[in-house]
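Q: Please go through this structure and say what stands behind each label used for it.

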Amino acid sequence: MNQHTLKITASDQPTVLERLLQVTRYRGFVVTGMTMFPQEAGDELAIEISVRSENSIDNLYHQLDKLFDIRDIRVDNTTSLQCRA
């Protein structure tokens with residue numbers, strides 16, 4: 001399985017985490033870790049989410065990028081690695 005880390009900047013809204021996790025699950029990814037902190041600006045969240053799946057990370061990236069509350073998203077390639085299940 002492939003392991004990836006996504007670094008996301010999102011609006012500080014009550015439903016943003018629910019939507020993010022829902023899209024991740026629908027696309028066949030398993031969340032293996034997640035951190036979230038409010039940004040200094042006060043209206044943004046810094047979210048780091050680790051996921052694994054056999055599916056392409058590009059599909060998840062493009063689906064999350066469509067979400068209204070997502071302001072920036074990037075795949076941290078330094079943590080991408082092959083895992084054995």
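A: A residue is called buried under 20% relative accessible area, exposed over 50%, and partly exposed in between, with a 1.4 Å probe and protein chains only. By that rule, 34% of the 85 residues of the protein count as buried. This is a predicted model, in which local features need pLDDT of at least 70, side-chain atom pairs count only at pLDDT 80 or more, and totals for chains, interfaces and linings use all residues. Residues are numbered from 1 along each chain as its sequence is written, and side-chain values use heavy atoms, with hydrogens and water left out.

Q: What share of the contacts with a separation of 6 or more comes from residues 24 or more positions apart?
A: A contact means heavy atoms within 4.5 Å. Residues 24 or more positions apart account for 70% of the contacts in the protein with a separation of 6 or more.

Q: Which residues of helix α1 are buried, and why are they said to be on the same side?
A: In α1, residues 16–26, the buried residues are Val 16, Leu 20, Val 23 and Thr 24. They cover an arc of only 100 degrees around the axis, which puts them on the same side of α1; the arc is that of the directions from the helix axis to the C-beta atoms. An α-helix has 3.6 residues a turn, so residues three or four places apart point the same way. On the other side of α1, Glu 18, Arg 25 and Tyr 26 are exposed.

Q: Why is Thr 24 called buried, and what does Thr 24 touch?
A: Thr 24 has 2% relative accessibility and therefore counts as buried. Beyond four places in sequence, Thr 24 touches Phe 29, Val 31, Ile 49, Val 51, Leu 60 and Leu 64.

Q: Why does Val 16 count as buried?
A: The relative accessibility of Val 16 is 3%, so Val 16 counts as buried. Leaving aside neighbours within four places, Val 16 is in contact with Ala 10, Ser 11, Leu 45, Asp 69 and Ile 70. Val 16 and Leu 67 are 51 residues apart in sequence and 8.9 Å apart in space, C-alpha to C-alpha.

Q: What makes Met 36 partly exposed?
A: Met 36 has 34% relative accessibility and so counts as partly exposed. Met 36 lies in strand β2, residues 30–38. Its contacts, not counting residues up to four places away, are Leu 17, Leu 45, Ala 46 and Ile 47.

Q: Why is Thr 15 called partly exposed?
A: Its relative accessible area is 31%, so Thr 15 is partly exposed. Thr 15 lies in the loop between β1 (2–11) and α1.

Definitions and conventions. Helices (H or I, at least four residues) and strands (E, at least two) are DSSP runs, numbered from the N terminus.
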